[in-house]
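This briefing walks through selected features of the structure shown below, grouped by topic. Please keep the sequence and the model side by side while reading.

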Amino acid sequence: MRVASAVVIAAVVALGGVPAFGQKAKDTLRVATTEPFKYVDGYYFPTPEGNFVTDEVYDGLIRYDVAKKAFVPWLAKSFRRIDETTLEFTLKDGVKFHNGNPLTADDVAYIATWLLDPKLKLPFPSRFRFLDKAEKTGPMTVRFHSKRPYAMDLAFIAQNMWILDSSLHKALDDKSLYGRRSPIGSGAMKVAEFTPDGTVSLVRNESY
């Protein structure tokens, strides 16, 4: 998927079960799923089909490397455990969102703090209940503080936290609209089109 020029996710209920097929002349892959896409947003649409696209559009701080059997930096260039309840992430320099805005510690601290809002209604809010707070400690440095020692903290951050453009996200009264109106990430693919019928078209992020 990372080497294709374009990826089209056609979420058509009537075509459930139809395998993916390619159009080699146009270097395009089309995939039909059983459920239309409601959002290009792993927070509001945490389904296997959704994550297939979400993980290409948005990046997280870290990922799990199956070959190395270890968590590795991604948007972070490094991370370390300060103590039993504190993780520190230092971000890579020069990373930009699809709209050209630079990634900074403000984006990370904002998203983590938003996820801790007790009024927030997400499908799986318990994923982040181990966190107590997030703080920006430098232009490219963020610390996550847990309520107590938690052995699965890195796994939850790697699998369930995607960094969004905070300048766009905070301007929305309804945060779920981010994944429909402005699905801007920093990943290898970017959203070219998102139609009302739930079809998502992706193209390569040439600056990735």
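In this predicted model, the buried residues of helix α3 are Asp153, Leu154, Ala155, Ile157, Ala158 and Asn160. These make up six of the eight residues of α3 (residues 153-160), so the helix is largely enclosed by the rest of the structure.

**Helix α3 and the strands around it**

- The cover over the buried residues of α3 includes the strands β4, β5, β6 (76-83), β7 (86-91) and β9 (141-146).
- Among these strands, β7 is itself mostly covered, with five of its six residues buried.
- Strand β7 pairs with β6 in the antiparallel sense over six bridges, and these two strands form a hairpin with two residues between them.
- Within this pairing, Phe79 has Phe89 in β7 as its bridge partner.
- Strand β7 also pairs with β9, again in the antiparallel sense, here over five bridges, and Glu88 stands opposite Arg143 in β9.

**The largest nonpolar core**

- The largest nonpolar core has 49 residues, of which Tyr43, Leu61, Leu115, Phe144, Ile157 and Met161 touch the most other members.
- Two or more residues of this core come from each of the elements α1 (48-57), β7, α2 (105-115), β8 (131-138), β9, α3, β10 (189-194) and β11 (200-204), and the greatest contribution is that of α2, with eight residues.
- Ile157, one of the buried residues of α3, is in contact with Leu61, Ile62, Leu87, Phe89, Phe130 and Phe144, when its neighbours within four places in sequence are left aside.
- Phe144 lies in strand β9 and has a relative accessible area of 1%, which is under the 20% limit, so it counts as buried.
- Leaving aside neighbours within four places in sequence, the contacts of Phe144 include Leu61, Leu87 and Phe89, as well as Val108, Ala112, Leu131, Ile157 and Met161.

- The buried residues of α1 are Glu49, Gly50, Val53, Thr54, Glu56 and Val57, and because they cover an arc of only 165° around the axis, they are on the same side of α1.
- In general, an α-helix has 3.6 residues a turn, so residues three or four places apart point the same way.
- Not counting residues up to four places away in sequence, Glu49 touches Thr33, Thr34, Glu35 and Phe37.

- Lys69 is placed in the loop between β4 (62-65) and β5 (70-73), where its phi is near 55°, a positive value in a residue other than glycine.

Key: Residues numbered from 1 in each chain as written. Predicted model: local features only at pLDDT ≥ 70, side-chain atom pairs only at ≥ 80, totals over all residues. Heavy atoms only, no water. Helix = DSSP H or I, 4+ residues; strand = E, 2+ residues; numbered from the N terminus. Buried < 20%, exposed > 50% of the residue type's maximum accessible area, 1.4 Å probe, protein only. Contact = heavy atoms within 4.5 Å. Pairing = 2+ DSSP bridges. Core = buried A, V, L, I, M, F, W, Y, C linked by side-chain atoms within 4.5 Å. Arc of directions from axis to C-beta.
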